[in-house]
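Open the model in your viewer and keep the selection tool ready.

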Amino acid sequence: MFSSTPIERSAEAQADIDSACRHLALYHFMNCPFCQRVRSQIQRLALPIELRDTQRDPRHRQDLMEGGGRTMVPCLRIEKADGSVEWMYESADINRYLERRFG
Ligand SMILES: N[C@@H](CCC(=O)N[C@@H](CS)C(=O)NCC(=O)O)C(=O)O
């Protein structure tokens, strides 16, 4: 499987990104190729985003269904500054969002 070297940042820049990533979580499962694309992007951008496996933990699957309205993965849960939550589906959209915000 293709993987690239994670980008490197100054300690300060990485600390800001670590902090921002506390408000993100990726719903996924291991054998999903679309999830793999997003996990590769997360690795490349050195993002400490919590991974929530919906096959291994039924609570994550239930939270995804209740919050996002579908069990489809990948889905990025984005908690905004005002406390509202966006559930972003579609691997291409998630990767574009991560690149724009952290690339
Ligand atoms: N177009 C979507 C396809 C995602 C997709 O098909 N995910 C499958 C797993 S590989 C899935 O979640 N299927 C179960 C479901 O929809 O509940 C993307 O690129 O993210």
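A polar contact is a pair of N or O atoms within 3.5 Å; within protein, one must be able to donate a hydrogen and the other to accept it, and residues adjacent in sequence count only if both atoms are side-chain atoms. The model is predicted: local features need pLDDT of at least 70, side-chain atom pairs count only at pLDDT 80 or more, and totals for chains, interfaces and linings use all residues. Residues are numbered from 1 along each chain as its sequence is written, and side-chain values use heavy atoms, with hydrogens and water left out.

Select Arg52. Strand β2 (residues 50–53) holds Arg52; strands are DSSP runs (E, at least two residues), numbered from the N terminus. Is Arg52 buried or exposed? Arg52 is buried, at 18% relative accessible area. Buried means under 20%, exposed over 50%, partly exposed in between (1.4 Å probe, protein chains only).

Now show its side-chain partners. Tyr27 makes a side-chain polar contact with Arg52 at 2.8 Å. Leaving out residues up to four places away in sequence, Arg52 touches Ala25, Leu26, Tyr27, His28, His60 and Arg77. Contact here means heavy atoms within 4.5 Å.

Next, select the ligand. Around the ligand sit Phe29, Cys32, Pro33, Phe34, Thr71, Met72, Val73, Pro74, Glu90 and Ser91; a residue counts as near if one of its heavy atoms lies within 4 Å.

A ligand oxygen is 2.7 Å from a side-chain N or O atom of Thr71. A ligand nitrogen is 2.7 Å from a side-chain N or O atom of Glu90.

Definitions and conventions. Helix = DSSP H or I, 4+ residues; strand = E, 2+ residues; numbered from the N terminus.
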